[in-house]
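User: Could you take me through the labels used for this model and show me what each one rests on?

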Amino acid sequence: MNITILNENLVYRAGLLAEHGLSVLIEERGKRILFDTGQSDAFMKNAARLGVDLEGLDAIVLSHGHYDHCGGLRALETLENLPPVYVRKNSFLKKYTAGRQLGDFRDIGIPWKRKDSRAEFIYTEDIQEIWPGFWLLGNIPYSPSGEEKPSGFFCQPEGTEEMAPDYFEDEQFLAVDSEEGLTLVMGCSHMGIINCLIHVRQYFPGRPIRCLLAGMHLMNASKERIWKTIQGLETFQIGCLIPVHCTGMEGIMAMKQAFQERCMIGQCGMKIRL
């Protein structure tokens, strides 16, 4: 398996661009999957700089309906052959985050309209096998793992102008099963990375986790929350851990210290061969 990080919050190489977002290319068993598209065309510019041809993709997976994961899709529509886009239907709800003042909401949803896109959207189920061994898992349930439900996020259910708490029923992640175990790619794991991994265990009992590349939404987390997350991750005996994006630098550094050589610090242009 080959994994290429086309867009991420960090960059250390000349000629590449970074932004708050995520875009990852996964190549395995003849399939090429683009997981997320960042917030702009930065991932496409990085791909060109790296010599990565984005023609011939087999699928695009959008992890959830936020601008920093879906914004670049319209730029990708310049491709001659645009593959199907796997997304959960609720990703297209209007989405907001709350500001410091009461009633202050910031739009963080998809910055383009579905009707304006030429993409073929395939709305995924709670668990869906798109090819043998390639799974999308969504609607992550809350588990009593010590992780709190996400707060400060809101959405507008279809047909209403009322704000409702957003518990990310639209969020999904990729699981690729191979002889060596599972490779998991996650966008933000808003419901908690440990909850997500518990969800994986329910569908793939006994399967080892070969690699986990994930945004873990710990950017503003307390030291206690980060440490509890590290303790929880340790119980899953993950072979290779790659924290990215919204994990935040404090969380990434703590994981690197805890997991040592098993933890890689993701950055734009990084190529991982498993």
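Analyst: Happy to! This is a predicted model, in which local features need pLDDT of at least 70, side-chain atom pairs count only at pLDDT 80 or more, and totals for chains, interfaces and linings use all residues. Residues are numbered from 1 along each chain as its sequence is written, and side-chain values use heavy atoms, leaving out hydrogens and water.

User: Why is helix 5 called oblique to helix 6?

Analyst: Helix 5 (residues 223-234) and helix 6 (residues 249-259) pack at an angle of about 40 degrees, with axes 10 Å apart. Angles under 35 degrees count as roughly parallel, over 145 as roughly antiparallel, 65 to 115 as roughly perpendicular and the rest as oblique, so helix 5 is oblique to helix 6.

User: Which residues of helix 5 meet helix 6?

Analyst: With contact meaning heavy atoms within 4.5 Å, K223, I226, T229, I230, L233 and E234 in helix 5 meet residues of helix 6 that include M255 and F259. By class, this contact has seven nonpolar, two polar and three charged residues.

User: What makes Q237 exposed, and H217 partly exposed?

Analyst: Buried means under 20% relative accessible area, exposed over 50%, and partly exposed in between (1.4 Å probe, protein chains only). Q237 has 65%, so Q237 is exposed; H217 has 31%, so H217 is partly exposed.

Technical notes:
Axes fitted to C-alpha atoms, helices over the stretch in contact; angles between N-to-C directions. Helix = DSSP H or I, 4+ residues; strand = E, 2+ residues; numbered from the N terminus. Nonpolar A, V, L, I, M, F, W, Y, C, P; charged D, E, K, R; others polar.
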